[in-house]
Amino acid sequence: MIARRALLAAVAVVVLAAVAPLLPAYPLTLLTQALIVGILAMSLDVLLGYTGLSSLGHAAYFGVGAYAVAIMATEKQAGLVACLAMGVLLAAATAAVFGLLAIRATGSYFLMITLALGMVIWGLAFRWVSLTKGDNGIAGVPRPSLGPLDLSGPVPFFYFCLVSAAVAWALMGLLVVSPFGLGLRGIRGSETRMQALGYNVWLHKYAAFVISGVFAGFGGTLWAYYNGFVSPNDVQLVTSVETLLMVALGGPGTLIGPALGAGIIVFLKNFVSVYTKRWLLILGGVYIGVILFAPSGIVGTLRGRRR
Amino acid sequence: MSAEFWIAQSFNGISYGALLFLLASGLSLIFGVMRIVNLAHGSYFMLGGYVGLTVALRTKSFTLACVAAAVAIGLVGVGMERFFLRRLQGQVLGQVLMTIGFALIFQDLALLIWGGDPYTVPIPALLTGTTRLGGAVFPIYRIFIVGVATVVGLALWLVLDRTRVGAMIRAAVDDAEMAQGVGINVPRVSLAVFALGAALAALGGVIGGGFLGVYPGADFEVLPYAFVVVIVGGLGSLPGAVAGSLLVGLLDNFGKALFPELSYFTLFAPMALILAIRPTGLFGRG
Amino acid sequence: MINHALHLDAVCRAFGGLQAVDGVTLTVHPGERRALIGPNGAGKTTLFNLIAGAMPLSSGRIALFGRDVTHAPAHRRAALGLARTFQITNLFPDLSVLENCLLAVQAHLPVRFSMFRPVGRYPALLERARAALQRLELEKLGDAVVRNLSHGEQRQLEIALALAGQPRVLLLDEPTAGLSPAESRLMAGLLRRLDPEITVLMIEHDMDIALELSDMVTVLHYGRVIADGPREQVKADPQVKEIYLGA
């Protein structure tokens with residue numbers, strides 16, 4: 001089964017890679033955006049769909065990664081590798097600290113604490129003006145270059161994001177089918193049973209939290225390069241909320257589902273914005289619709305999952 | 001920093017805490033009885049402010065604005081619970097997502113109806129201006145806020161502690177299954193608590209609208225504060241809501257005054273400390 | 001004190017004003033089969049929760065093979081060889097029977113932290129999981145999702161999970177709960193064939209099965225031990241007879 005999924009993924013990657021140079025600029029940038037946001041959605045799925053921890057502050061790690069790149073690229077003129085490393089490291093550190101507070105909580109408490117922690121990052125982005133330029137955001141993040149490769153053009157950058165997303169998907173995919181991943185699914189099923197079997201449940205949840213934050217941070221680093229501009233809007237509550245919807249829409253616990261959900265939301269958002277300003281109204285409606293009619297999400301329903 | 005500074009800031013913190021109490025007490029009770037994390041609670045606050053604004057402008061009556069907002073949003077809360085949330089009994093994530101959906105819809109509807117400009121709810125002349133108490137100057141409106149919160153707090157305490165309805169609510173918070181078992185109509189109690197919570201939040205919105213204003217985004221801005229109050233104070237606890245509100249109000253105020261660059265951080269530190277020592281909050285039971 | 005598998009010393013647990021477990025002292029020797037019986041509400045499952053570490057004590061001490069585990073978390077006790085089943089079936093409903101077993105098997109192994117290889121690539125783990133299922137004649141159900149199993153099959157899986165970790169002390173909480181008489185007989189047969197080296201403490205409502213499968217019996221009433229000793233001796237105890245006949 002794993003081989004089949006890997007094959008499908010490889011096919012998808014090849015198709016996307018082949019199609020990319022032929023697409024007009026706008027759909028190509030949307031596709032790039034979908035890939036980046038897909039990484040964020042998948043990272044949340046590891047936490048939510050597999051471990052059963054509903055976090056409403058996931059944009060925080062995404063934002064830390066993005067800001068790290070933005071600051072280092074604009075003020076220190078740091079190269080791609082340094083920026084990516086810093087972004088991921090800082091996101092990991094943030095998740096490590098926040099995890100210590102959040103993992104002690106369960107269920108709804110966890111939800112509220114992650115929300116509040118997410119707002120802490122937003123608040124820092126908004127008010128620590130000397131570092132983040134506050135509401136103005138940090139502009140002028142240049143497209144990166146990897147050694148001799150110049151990634152600034154839309155097609156090369158798309159390939160860069162495609163490879164990154166594929167690698168992220170592969171790593172997370174291995175994680176969820178590994179013994180550790182099975183442990184996470186066990187925690188989602190019954191924490192008390194896991195305790196009784198001998199698992200240090202806190203430790204496993206904490207590890208999942210930090211790992212999830214790392215991948216979210218990775219997505220954030222790509223976002224900074226993609227958008228060229230990072231602002232507190234990237235870490236606001238609505239962003240965390242949208243990510244949660246992507247997971248719910250695509251299908252929690254399927255990994256590829258949330259990536260698909262991300263794509264749908266990205267395209268919907270941009271498409272809808274052309275015709276109406278009522279994007280939030282529609283998003284809200286989609287939320288309610290998904291809950292009422294497709295609680296296992298798209299991929300979940302296709303796979304015949306029961307939730 | 002003079003004594004005046006400390007007094008003024010303390011008072012500001014207390015009055016902000018009073019406003020938060022209106023918001024968080026309802027949230028805490030709702031969670032205590034129904035175990036629902038209502039992400040539309042901030043929306044109740046915001047919509048209450050907007051409805052109050054419109055009523056105040058039309059009727060020139062602040063009192064009527066307060067009442068109208070509380071009733072209208074209370075009904076909205078009832079509708080949400082009765083026709084949508086109740087279908088998802090026990091599904092935490094489903095309920096959360098549903099309340100988020102409503103929050104987004106409310107936000108956009110507010111934008112549609114009232115536009116993007118910030119407004120201030122007109123307050124009666126009686127409540128404007130300042131007064132001197134023991135050498136320090138205090139805005140009368142803020143004293144009014146503290147007064148309202150105190151009255152509401154006392155009323156809630158009396159109802160919970162001394163009436164049959166209150167006993168039913170406390171039983172439901174303690175153990176909903178057991179309460180149902182001894183014959184308490186828990187769904188009806190839940191609905192009543194939900195309506196009350198929404199109404200209180202709306203009242204907070206109108207009153208807050210008098211000095212903070214009503215504007216798009218107020219819903220998601222005030223929501224984390226409500227959550228921190230409830231986390232720190234403990235879910236389902238009225239004394240917890242009081243303690244939490246005061247603590248958060250004071251810390252936020254002093255934080256903004258003394259360390260403006262780290263404002264949300266000053267919320268984070270006490271929350272972290274309390275979670276480290278007592279994960280269920282100061283008065284909570286987990 | 002040295003030659004015990006499980007030793008409880010004046011263990012108490014209070015809920016508000018109610019003493020659910022009131023000064024229970026008992027010693028279970030290695031390889032012993034002990035039944036814990038008593039009327040409903042006597043505190044039996046609470047006692048199990050205290051022994052397993054699912055709940056903290058109000059006072060007293062618990063020792064496992066001489067090691068004081070009074071303040072040890074549940075997973076630490078499991079690592080020392082304690083396993084339990086639950087009265088209300090507590091399995092992983094969305095996972096397959098085999099995956100349930102794998103979780104039990106890998107619980108004490110370092111491999112549980114492995115993140116980069118699919119679990120299917122660990123043949124040793126699969127082997128042990130299948131063996132654990134075989135012990136309870138469940139191997140045919142390997143791929144079935146637990147949610148779809150019958151109650152009887154789920155009760156069997158409960159035991160399979162507890163045994164999969166190769167425990168030294170096994171706490172069985174009403175293994176025949178909800179089973180038909182025929183299924184109970186089958187379960188009793190399975191339990192009789194348990195490795196004699198394992199120490200077994202069993203809560204059981206079915207008096208026949210309880211007395212049939214145990215050498216020693218402890219009787220709990222209102223959280224207190226009112227009788228404790230060999231099976232025949234307890235059976236003949238007048239106080240015990242009064243409780244069960246009077247009830």
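Predicted model: local features only at pLDDT ≥ 70, side-chain atom pairs only at ≥ 80, totals over all residues.
**Entry 1: who touches whom**

I began with the chains. Of the two pairs of chains in contact, A and B share the most contacts. Chains B and C have no contact with each other, and their closest C-alpha atoms lie 13 Å apart.

**Entry 2: chain A against chain B**

I looked up both sides of this interface and found 35 residues of chain A in contact with 34 residues of chain B. On the side of chain A, the elements giving two or more residues are α5 (107-127), α6 (129-132), α11 (237-250) and α13 (279-293). Which of them gives the largest share? I noted α5(A), with 13 residues. By class, this side of chain A divides into 25 nonpolar, seven polar and three charged residues.

**Entry 3: chain A against chain C**

Next I took the other pair. Here the contact takes 32 residues from chain C and 21 residues from chain A. On the side of chain C, α2 (74-79) and α3 (97-106) are the elements that give two or more residues. α3(C) gives the most, with five residues. I sorted the residues on this side of chain C as 21 nonpolar, six polar and five charged.

The axes of α3(C) and α5(C) (residues 151-164) come within 8 Å and cross at roughly 30°. I filed this pair as roughly parallel, because the angle falls under 35 degrees. Their crossing is right-handed.

I then listed the residues that meet. From α3(C) they are C:Val97, C:Asn100, C:Cys101, C:Ala104 and C:Val105, and from α5(C) they are C:Leu157, C:Ala160, C:Leu161 and C:Ala164. The class count for this contact is eight nonpolar, one polar and no charged residues.

**Entry 4: a helix pair in chain B**

Helix α1(B) (residues 3-34) and helix α10(B) (residues 238-258) have axes that come within 7 Å and cross at roughly 140°. The crossing of α1(B) and α10(B) is right-handed. Their contact holds 13 nonpolar, twelve polar and one charged residues.

**Entry 5: strand β3 of chain C**

I turned to the strands of chain C and started with β3(C), residues 33-37. Are its residues buried or exposed? Five of the five are buried, so β3(C) is largely enclosed by the rest of the structure. I also checked which way they point: C:Arg33, C:Ala35 and C:Ile37 go one way, C:Arg34 and C:Leu36 go the other way, and all are buried.

Then I looked for the partners of β3(C). It runs parallel to β8(C) (residues 199-203), joined by four bridges, and C:Arg33 stands opposite C:Val200 in β8(C). β3(C) also pairs with β9(C) in the parallel sense, over four bridges. In that pairing I found C:Ile37 opposite C:Val219 in β9(C).

**Entry 6: the β9-β10 hairpin of chain C**

I followed β9(C) onward. Strand β9(C) (residues 216-221) runs antiparallel to β10(C) (residues 224-230), and six bridges join them. C:Met216 stands opposite C:Pro230 in β10(C). The hairpin has two residues between the strands, and C:Tyr222 there takes a positive phi near 50°.

**Entry 7: other positive phi values in chain C**

Most residues other than glycine have a negative phi, so I looked for exceptions. C:Glu137 has a positive phi, near 55°. I placed C:Glu137 in the loop between α4 (123-135) and α5 of chain C. With 13 other C-beta atoms within 10 Å, C:Glu137 is partly exposed.

C:Glu174 is not a glycine either, and its phi is positive at about 50°. C:Glu174 sits in the loop between β7 (169-173) and α6 (181-192) of chain C. Is C:Glu174 buried or exposed? I counted C:Glu174 as buried, because 21 other C-beta atoms lie within 10 Å and the cut-off is 20 or more.

Terms used: Residues numbered from 1 in each chain as written. Chains lettered and ligands numbered in written order. Axes fitted to C-alpha atoms, helices over the stretch in contact; angles between N-to-C directions. Left-handed = near helix turned anticlockwise from the far one by under 90°. Nonpolar A, V, L, I, M, F, W, Y, C, P; charged D, E, K, R; others polar. Contact = placed C-beta atoms within 7 Å. Parallel < 35°, antiparallel > 145°, perpendicular 65-115°, else oblique. Pairing = 2+ DSSP bridges. Buried ≥ 20, exposed ≤ 12 C-beta atoms within 10 Å, placed from the backbone.
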